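Morning, everyone. Please bring up the sequence and the structure, and keep both in view while I talk.

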Amino acid sequence: MTNTCIKSTPDKAEYINQMFNMIAPKYDLLNLLMTFGMHYKWKEDAIKLGLKEFQSPKNALDVCTGTGDLAILLKKYSPETEVTCIDNSKNMIELAEKKFNNLKLKNISLITKDFEASTFKQESFNFISIGFGLRNLINKEKSTERIFNLLNKNGVFVCIDLGYPTNKFWQSIYFTYFFNTIPKLGEVIAKNKDAYTYLPNSLKTWLKQEELKSLLLKTGFKKCYFKNIFGGIVAIHIAVK
Ligand SMILES: C[S@@+](CC[C@H](N)C(=O)[O-])C[C@H]1O[C@@H](n2cnc3c(N)ncnc32)[C@H](O)[C@@H]1O
């Protein structure tokens, strides 16, 4: 694998897939640096919040699993849950597999596939999580609908992703860091400025916390709320079918 820049391609899905394959070896390190080590705690909060709504789910799906953090946390707090992980980046999946093996996790499986083209049986999961992934999916409405259909009645959807800080002062500090520092970090650490320019740019078209909540309620979830983290730079949405 090389760290060359991503070639411009008309296919956004293919572009995103290439990008994650390229940055995979440095993904965990960059997450650690970019969030000053806080991302794992945020993910832990997301899983714990979801499990408050549905304790010890029999089976769960982690969408856009990446290197597997959310799945690992789910196994930590609900060891009996059978977890399926899906991601279309082969290199991310390989790293997740290594982590699962090192931790000797049982009843956890990995699928390398585009979630938007997946064919899981309807109503077959009690718990679905997605971490920093929905923003990258091409059709967010169809994907939330897909997630809704895959859940059983009373099933829980946990989404953790970037948010928009409400405080204008905090927002300006954050945007300066996000749009200037992060691409530089990506250039130095992952040797890939393109990918870490895509990251802040993806925020420009991403839903605000209230908008995502509205989308989830419109999709059919009977209950939805969100918790802002770090002044709203990250948000956890919990939705119950
Ligand atoms: C920002 S990473 C998040 C990884 C992990 N969930 C985390 O919280 O650290 C986004 C992940 O979504 C995956 N992804 C993007 N589009 C996808 C798709 N259509 N189907 C499956 N996975 C996808 C990428 O390969 C990448 O691993």
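Two ground rules. What you see is a predicted model: local features need pLDDT of at least 70, side-chain atom pairs count only at pLDDT 80 or more, and totals for chains, interfaces and linings use all residues. Residues are numbered from 1 along each chain as its sequence is written.

Start with β2. Helices and strands here are DSSP runs, numbered from the N terminus; a helix is H or I with at least four residues, and a strand is E with at least two. Is β2 mostly covered or mostly exposed? Mostly covered: 5 of its 6 residues are buried. Buried means 20 or more other C-beta atoms lie within 10 Å of the residue's own; exposed means 12 or fewer; partly exposed is in between; and C-beta atoms are placed from the backbone.

Now the neighbours of β2. Strand β1, residues 59–63, runs parallel to β2, and 5 bridges join them. Strands count as paired if DSSP finds at least two bridges between them. Look at Ala-60: its bridge partner in β2 is Val-83. How does the chain get from β1 to β2? It crosses through α3, and this β-α-β crossover is right-handed. That means the path from the first strand over the helix to the second runs clockwise, with the strands pointing away from the viewer.

Next, strand β3, residues 108–112. It also pairs with β2: 5 bridges, parallel. Ile-86 has Ile-111 in β3 as its bridge partner. Here the chain goes from β2 through helix α4, residues 90–102, to β3, and this crossover is right-handed.

On to the core. Nonpolar side chains tend to be buried together in soluble globular proteins. In this model, the largest nonpolar core has 58 residues. A nonpolar core is a set of buried Ala, Val, Leu, Ile, Met, Phe, Trp, Tyr and Cys residues joined through C-beta atoms within 7 Å. Ile-128, Phe-157 and Val-158 have the most contacts inside the core. Strand β5, residues 151–162, gives the largest share, 6 residues.

Phe-157 is found in β5. Why is Phe-157 called buried? Because 29 other C-beta atoms lie within 10 Å. Phe-157 and Ile-128 are 29 residues apart in sequence, yet 4.8 Å apart in space, C-alpha to C-alpha. Leaving out residues up to four places away in sequence, Phe-157 touches Ile-128, Ile-147, Leu-151, Phe-221 and Ala-239. A contact means C-beta atoms, placed from the backbone, within 7 Å.

Now the ligand. Which residues come nearest? Of the 20 around it, Phe-20, Cys-64, Gly-66, Ser-89 and Gly-131 do. A residue is near if its C-beta atom, placed from the backbone, lies within 6 Å. Elements giving two or more residues to this shell are α1 (12–34), α3 (69–77) and β2 (82–87).

Last, two loop residues. Lys-104 is in the loop between α4 and β3. Its phi is near 55 degrees, a positive value in a residue other than glycine. Lys-104 is exposed, with 6 other C-beta atoms within 10 Å.

Phe-230 is found in the loop between β6 and β7. Those strands run antiparallel, joined by 7 bridges. Phe-230 has a positive phi too, near 50 degrees.

Methods. Two residues are in contact if their C-beta atoms, placed from the backbone, lie within 7 Å.
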